[in-house]
Amino acid sequence: MDFNILGDIEQVETIAKGTGVRDRARLRKMYGSGRWLKRKGVARVRLNASRAVRLVELHWYEASGIGRVEFKIKRLL
């Protein structure tokens with residue numbers, strides 16, 4: 001699903017860190033080494049297919065020095 005994040009991500013929580021991040025090896029190969037975290041939060045997004053603006057729960061990976069990567073919409077709120 002293609003989308004653009006509008007504004008800030010709120011209610012940010014860490015879901016997994018360190019060895020709890022199952023895709024750690026793949027992330028290290030693609031983006032480089034870092035302290036990888038899997039995080040979730042709530043944000044408004046514009047869905048590019050329908051142009052609708054929705055409140056959604058997002059999941060993504062994050063590492064210091066690398067930033068946020070691979071955003072995914074998990075559910076519409």
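Reader: Thanks! So is Arg-39 buried or exposed?
Author: Arg-39 counts as buried because its relative accessible area is 18%. This is a predicted model, where local features need pLDDT of at least 70, side-chain atom pairs count only at pLDDT 80 or more, and totals for chains, interfaces and linings use all residues. Residues are numbered from 1 along each chain as its sequence is written, and side-chain values use heavy atoms, with hydrogens and water left out.

Reader: Which side chains make a polar contact with the one of Arg-39?
Author: Thr-14 does, at 3.2 Å, and Glu-62 does, at 3.4 Å. A polar contact is a pair of N or O atoms within 3.5 Å; within protein, one must be able to donate a hydrogen and the other to accept it, and residues adjacent in sequence count only if both atoms are side-chain atoms.

Reader: New topic: where does Arg-39 lie?
Author: In strand β2, residues 37-47. Strands are DSSP runs of E with at least two residues, numbered from the N terminus.

Reader: And how many bridges join β2 to β3?
Author: There are 10, and β2 runs antiparallel to β3, residues 53-63. Two strands pair if DSSP finds at least two bridges between them. Val-42, for instance, stands opposite Glu-57 in β3.

Reader: What about β1 and β2?
Author: Strand β1, residues 3-17, is antiparallel to β2 and joined to it by 9 bridges. Phe-3 has Leu-47 in β2 as its bridge partner.

Technical notes. Helices (H or I, at least four residues) and strands (E, at least two) are DSSP runs, numbered from the N terminus. Buried means under 20% relative accessible area, exposed over 50%, partly exposed in between (1.4 Å probe, protein chains only).
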